[in-house]
Amino acid sequence: MKLLIASDSHGLTEELIELKRRYGGEMDAMIHCGDSELRADEEAIRDFLTVRGNCDYERKFPLDITKEIGDSKIFVTHGHHYNVKMTLLNLSYKAKEVGADFVFFGHSHILGAELIENTLFLNPGSLLMPRGRTERTYAIVEKNGNTIRVSFYTDKHRELEDLRQEFSL
C-alpha cells in the first residue's frame, strides 16, 4: 500500500495539481487532511480523499473518513474536533473505536509520525504555513508486509531524509 498525505494547503491549487500529476498513478490513495479552503468540485482537490477542516466552508467534505485500503483501515480527520494541538489521546480513543491501522490528521501544521499500539498517527505538516520547521511538506506512507515507511517531502518534492522513519508491526 502506498499513500500520499497532504494537509493545510489553505487555498493553494497549483501545488495540489502538481502532486496529482506527479504521484496520481502510483498511489493507492491521495489524502487531504483538511483546510484546503477549496470547493469539492475544484480540479485541485478532486481525486483526494478529503475531510473538512476548521477553515473549510465546503459541506460536501465529511468531518472524518474511515476507509479500508488494501488490508489496512485508515482514519482521516482534520483534528480540531479531537484537540490534536494539545494531545493525541482523544484521537487514539477514536482510532481504537474504529479499529484504525493508520490515523492521518492535520490542524497543527506540525509534521510528525508516531506508532502507538501498532497504529500509525501521522501529520504531514502544511503545504502553506509550516510550524516547527521552515519547509512546506507532505508525506508518503508505504506499507509492505509488517513494515511501514514514512517519508516527508518539501513542496519542491525533495525528501527530508533525516525525517524518514521505518516502523515494524
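In which strand is the place of Arg-149? It is in strand S10, which covers residues 147–154.

1. **What you are looking at.** This is a predicted model, in which local features need pLDDT of at least 70 and side-chain atom pairs count only at pLDDT 80 or more, while totals for chains, interfaces and linings use all residues. Residues are numbered from 1 along each chain as its sequence is written, and side-chain values use heavy atoms, with hydrogens and water left out.

2. **The overall fold.** The protein has 2 helices and 11 strands; these are DSSP runs numbered from the N terminus (helices are H or I with at least four residues, strands are E with at least two).

3. **Inside and surface.** Of the 169 residues, 53% count as buried. Buried means under 20% relative accessible area, exposed means over 50%, and partly exposed is in between (1.4 Å probe, protein chains only). The protein exposes about 8100 Å², and carbon and sulfur atoms supply 44% of that area; the areas come from the Shrake-Rupley method with a 1.4 Å probe, and for residues only the protein chains shown count as cover.

4. **Contacts along the chain.** Contact here means heavy atoms within 4.5 Å. Among contacts with a separation of 6 or more, 50% come from residues 24 or more positions apart.

5. **Back to Arg-149.** Arg-149 has a relative accessible area of 30%, so it is partly exposed. Setting aside neighbours within four places in sequence, Arg-149 is in contact with Ile-140, Val-141, Glu-142, Arg-164, Gln-165 and Glu-166.

6. **His-32, a buried histidine.** His-32 lies in strand S2, and its relative accessibility is 0%, so it counts as buried. The side chains of His-32 and Ser-9 make a polar contact at 2.8 Å. (A polar contact is a pair of N or O atoms within 3.5 Å; within protein, one must be able to donate a hydrogen and the other to accept it, and residues adjacent in sequence count only if both atoms are side-chain atoms.) Beyond four places in sequence, the contacts of His-32 include Ala-6, Leu-16, Phe-48 and Val-76.

7. **Asn-123, at the end of a strand.** Which residues does strand S8 cover? Strand S8 spans residues 119–123, and Asn-123 is in it. Asn-123 has a relative accessible area of 2%, so it is buried. The side chain of Asn-123 reaches the backbone nitrogen of Gly-125 at 2.8 Å. Leaving out neighbours within four places in sequence, Asn-123 is in contact with residues including Phe-105, His-109, Leu-111 and Phe-152.

8. **Arg-136, in a loop.** Arg-136 sits in the loop between S8 and strand S9 (137–144). This arginine is partly exposed, because its relative accessible area is 31%. A polar atom of the Arg-136 side chain lies 3.4 Å from the backbone oxygen of Leu-128. The C-alpha atoms of Arg-136 and Ser-126 are separated by 5.6 Å, though the two are 10 residues apart along the chain.

9. **Two residues with positive phi.** Glu-37 has phi near 60°, a positive value in a residue other than glycine. Glu-37 is found in the loop between strand S2 (29–32) and strand S3 (49–50), and at 40% relative accessibility it counts as partly exposed. His-107 also belongs here, with phi near 80°, a positive value in a residue other than glycine. Look for His-107 in the loop between strand S6 (102–104) and strand S7 (112–116); at 13% relative accessibility, His-107 counts as buried.
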